[in-house]
Amino acid sequence: MVELRSTGKPRAAVRTWTSFMTDFSIIGKPIAMVDAAEKTTGAGKYTDDLSLPGMLIGKILHSPHPHARIKRIDTSRAQKLNDVIAVVVGADAPNPYGILPVGHDEHALAIDKVRYIGDNLACVVAVSEATAEAALELVEVEYEILPAYFDPEESMKAESNLIHDNKPHNLEKDYHHTFGDPDKGFAQSDYVTESRYLANEVTHAAMEPHSTLASFDIDSQTGQAGRLTVWSSTQVPYYLQHKLSLVLDMPMSQIRVIKPLVGGGFGGKSEVIPLEIIAAVAARKAKAPVKITYTREEVFWAHRGRPRTIIDLKTGVKNDGRITAVKARVVQDGGAYCSYGVVTILYSGALLGALYDIPNIHYDGYRVLTNKPACGAMRGHGTVNVRFAFESQLDEIAGRLQIDPAEIRRRNLLKPPCITVNGLRVQSYGLPECIDKIVERSGWKSRKGKMPKSRGLGIACSHYVSGAANSIIRSDMPHSTVNIKIDRDGGVVVYTGASEIGQGSDTMTAQVAAETLGCALSRIKIVAADTDLTPIDIGSYSSRVTFMAGNATMRAAQEVKKQIASAAAKKMNCAPEDLVFRDDSVFKQSTDHVGAGLRPAQEEQNSASVSGRVEGQILRGSLQQKRKDEGPKDSMSFEEAVVATIDFHGALTGTGSYAPPLEARGGKHKGGGVGPSPAYSYSAQVAEVSVDEDTGEVTVHKVWAAHDCGRALNPVSVEGQIIGSVWMGMGQALTEEMVWKDGLLMNPGLLEYRSPSSVESPEIEPIIVESIDPEGPFGAKECSEGSLAATIPAIANAIYDAVGIRLRESPFTPERVLAALRAKKNAKTLDMTEGVDPTAPVRLREHGGALWFKGKGPERHELDPARRTEGG
Amino acid sequence: MSLADFKLLRPRTLDEAISLLAPQAGEGARATRVIAGGTDLIPSMRQKLFEPEYVLDIRQIAELKGIRETEQGTEIGALTTLSCIERSSVLKQHYPVLVEAAKTVASPVIRNMATLGGNICLDTRCLWYNQSLTWRKSCGFCIKKDGDLCHVAAGGKKCWAAFSGDTPAALLCLEAEIELAGPQGTRRLPLNDFYTGEGDSYRRLQLNELLTRIILPKATADLSGTYRKLRIRGSIDYPLAGVAITLKCLNGHIESGRIALTAVNPAPVLVKKASEVLQGKRLDEELAELVGDLAAKTAKPLTTSALTPEYRREMIRVFTKRALLALAN
């Protein structure tokens, strides 16, 4: 850690729910999401709600084999079925693509090989879903079955039958980073501990399944297919536009991507998903609009969730608890394609830093290919599983050294502003306050160690980036650009490429614009995520929107405000700098602005002041004339000021962009581009759990979750994000697990993939900590992801506190907990976990099942073409 | 996953239903299916587990609804919803174990649709079976549908899909009888005889027969009882193991006791020896332990669901013991 100039260090302030009385009129107020009404009434339109005249339905044929060469694919029988319009195969769009420039290893539909059960082979376009499904059964595919790889450590030994020919040993990417001098660090330590941790695979389980509607215009000059419009459930419309252009061989300017309402992303829609490309390819061939909506099972195959991870972690500490060195070896079971994998494995290493002061770090990361659906980005991208290991181990160390687990974390704090040993710049740092708050609120000091039998408290911390400082496609382009247009109607239209996916992007944009302009929130109209209308924004991922699009919005608004100020200043006979924009008015700083400042918040937000007696637009000119005659004044309504500006300047528009500063872009080492962020959020949590020692069932009673989000632009929304993160983390900690048997997903549905229900939801007390980041918009930074990672180790540590078992494999299902309890008590041993000891796991387990045909089993279904041939 | 086309038959009386069912019964996957609440049938039809030509909708038949007290006991129409059972004051008073079991089924929304008859007729479940056509094709199908081998029992030719209804365990403890109506009239049989113990052909119901009523005998009214269900989530989930117990105690001694298990065998089963062991004894920790072991021996869970079979069997033991001790107090 290199300490930077420490003057001007922002001091964190802790605020409670009711004390959000700031100098702002819209920022910091708990306002309803701007799209809340349409979502709660059902009036809002998601992609699957859309329909176009002549629209057809696409259905995708998926591979039944985990790894096979396609010897022959014959679609002729399917094509002949009534009401089938087209059948698309790999050859119809052979260009490869992938979200990362280094990982263009996917095809719209498989060309020569299938690489996981569920891989995409063909798409039937028909007038109805049932017809398309029936036609899928008529597509004949002949395979040459290849040996498949399911366990990442086995896969790394592969010499032949590689998943991708250009990836020896099925290794997508490996990184070996050394920062400081880890050997020396371990040598200097008084105590070293080392363990293996396993985190099983989880997925986003967003409420809305992926859906895409693609439609080509007919070019008026040529009569051929012209421009393409795609409506899709995406977090990244601009990346989708880019990848469509690659695969379809079309210029980006001929492709328009529109993002309707999205029912949750969590990272599962943060890259181009096969159906988005397939729908466009199918629409081109069918010469008609095509919609594809995934079934829930297909969502699980598209996946891109958090990979199964093996973490071998070693930590060295001094007797006082100060960390001297950390060594981590991380193996990720990445599935059959690269996806975001290279970024995931880098985040896992890079974000060992920036939470605590660790002087020496060694990191070996392996992203491994296996014959399973691809893993990608998921809430807390890359950090969550390693954080589970790290915070569990730190708890263990605290126990060994007899240091309070909250105290050991305090002894390892960074001293910001600083640059960590691995090159991450930290400015605002609310972690100390987060720890203080949860210790206080949970009664940690008086209750820890004095809990009733089988009940315990656990603490853990986490952090996350507020957007990546380096875009995945290297360029000097700003990461976000926002345009604002204000016309004579007094309406403020904000054009932003940022994608609302339920996290509150549109609401944040509206609040930032309204606060900056001092106008009523009701004046703001958001036009978002439409590549034809809105300037480029790289998307809603890595918690970048508030920080980056927020800053861009602020800058665009400031530019417009400057123009309004200059016109209004002339009207008021003062300098533009003397004007205050607030409460839908513009007034001289010196003026005692009675009324506006005292208006109740609700009114401020919802009602735009109407200019005097004037209502119709035609009358506005004469109003202006009248005002002119009245001579100089001390204040104007926002609308009057706008009209005055348009009279002077013509069209009133402004633009603002944001690119992370150079100082925040990280070290120069290979892979150093991932991890750096302009600001980091911080979180600390205490979980209170009880364990049923006869059944192994864990109940989470309460979680105190403090989160440093810089400034809470909308506290009710911040609290929602904290609660959602804790809840999702709890799912990964206790119940959620993708269960595999030789590459076949045993639980591809929400009945058997068990996200917690409302019954299991504990009381969650969100605590907002505001460290006021020097570069964030109004001091804000991320709040949607960082809290997730702390929940898992907080629960693990609470389980240890309750019953003395250290679980090193997640999720902590009752069978794992009971197996560990029995082992501890030396009670009658039952092999409840198929030979894997959850306190000292060695390998990832496969779901039991006595027989497996490896794809060579009897194909006896009456619709199965093979069977039909046999029967004559 | 689309719902394939079928013809919907909507009789208004039981006789009409039987007359429609008999000639159009069909067989195999195309056999006519009866729909009541539809919470089990519709997802299965989407997964192409059933592809009936006809679906017989019995929801219009008023005589199949409601709870009636009679000389012999209490009769429950097969169409009575689980939420209706949950709220029934008669059942709460006299057959609390059934109410408790009904309350644990799925979620409140499902219970508003799902019927007691449907819960009794519930198809057996298995991770290798309750999957889409594409999924099942990728494992070469299984013995219960389209295939000829079982994935959960080595070399198995027997289907081990687990019966996963909650209420039948309670009904077995209550010595419930069921009434079946067919073209030859009605027949009554103990619920215990309804199940075969096979995972595939799991019930003794002719294709032209309908389950019409459930009869709870007077003899088992007012027994104390309880139902314990193993599930990962507190809502939605099917049981991964279930134990129902009824006891009749006199002066601290057990006059009679019955224990039934569900979700750990292809049928809900009574723990036969338990009744003998319990009879005449005073309930204490040791006895509860002994009976728990007996129950665990009766359970034969396999990898048909989440959680390992060993764990599920162990929970049968724990739940039985706990439930007995809870009833003793």
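Predicted model: local features only at pLDDT ≥ 70, side-chain atom pairs only at ≥ 80, totals over all residues.
Strand β8 of chain B, residues 210–217, is largely enclosed by the rest of the structure, because six of its eight residues are buried.

**Around strand β8 of chain B**

- On one side, β8(B) pairs with strand β5 of chain B (residues 73–77) in the antiparallel sense, over five bridges.

**Chain B as a whole**

- Chain B contains twelve helices and twelve strands. Its radius of gyration is 20 Å, close to the 20 Å that the globule rule gives for 329 residues, so chain B is as compact as a globular protein of that length.
- Taken along the principal axes, the C-alpha atoms of chain B fill a box of roughly 60 × 50 × 35 Å.
- Of the 329 residues in chain B, 60% count as buried.
- Looking at contacts in chain B between residues at least 6 apart in sequence, you will find that 63% join residues at least 24 apart.

**The four-stranded sheet of chain B**

- Four strands of chain B make an open sheet in the order β9-β10-β11-β12, with antiparallel pairing. The edges are β9 (224–230) and β12 (269–270) of chain B; each has a single partner strand, so one side of each is left without a neighbour in the sheet.
- Strand β11 of chain B (residues 253–262) is joined to β12(B) by two bridges in the antiparallel sense. Within that pairing, B:Ala260 has B:Leu270 in β12(B) as its bridge partner.
- Helix α5 of chain B (residues 96–103) lies across β9 and β10 (241–250) of chain B and runs at about 20° to β9(B).
- Helix α11 of chain B (residues 285–298) lies across β11 and β12 of chain B, at about 30° to β11(B).

**Chain A as a whole**

- Chain A has 22 helices and 33 strands.
- Of its 872 residues, 65% count as buried.
- Among contacts in chain A with a separation of 6 or more, 80% come from residues 24 or more positions apart.

**The seven-stranded sheet of chain A**

- Seven strands of chain A form an open sheet with mixed pairing, and their order is β5-β7-β3-β14-β11-β12-β13. At the edges are β5 (84–89) and β13 (255–258) of chain A, each pairing on one side only.
- Ignoring direction, neighbouring strands of this sheet are turned by 20° against each other on average.
- Strand β12 of chain A (residues 225–232) runs parallel to β13(A), and four bridges join the two. One residue to look up is A:Thr229, whose bridge partner in β13(A) is A:Arg256.
- Helix α6 of chain A (residues 237–248) packs on the sheet, where it touches β11 (211–218), β12 and β13 of chain A; the direction of α6 makes about 145° with that of β13(A).
- Helix α3 of chain A (residues 129–136) lies across β3 (56–62), β5 and β7 (120–126) of chain A, and runs at about 30° to β3(A).

**A helix crossing in chain A**

- Helices α15 (residues 545–572) and α18 (residues 638–649) of chain A pack at an angle of about 95°, with their axes 8 Å apart. That makes α15(A) roughly perpendicular to α18(A).
- The α15(A) side of this contact includes A:Gln563, A:Ile564 and A:Lys570, and the residues they and others in α15(A) meet in α18(A) include A:Phe638, A:Val642 and A:Phe648. The residues of the contact divide into eight nonpolar, four polar and two charged.

**A buried loop residue in chain A**

- Where does A:Ile472 sit in chain A? A:Ile472 is found in the loop between β20 (455–465) and β21 (480–486) of chain A.
- A:Ile472 has a relative accessible area of 17%, under the 20% cut-off, and therefore counts as buried.
- Leaving aside residues up to four places away in sequence, A:Ile472 touches A:Ile99, A:Leu100, A:Pro101, A:Tyr239, A:Tyr340, A:Val343 and A:Tyr541.

Methods
Residues numbered from 1 in each chain as written. Chains lettered and ligands numbered in written order. Heavy atoms only, no water. Axes fitted to C-alpha atoms, helices over the stretch in contact; angles between N-to-C directions. Parallel < 35°, antiparallel > 145°, perpendicular 65-115°, else oblique. Contact = heavy atoms within 4.5 Å. Nonpolar A, V, L, I, M, F, W, Y, C, P; charged D, E, K, R; others polar. Pairing = 2+ DSSP bridges. Rg over C-alpha atoms; globule rule 2.2 N^0.38 Å. Buried < 20%, exposed > 50% of the residue type's maximum accessible area, 1.4 Å probe, protein only.
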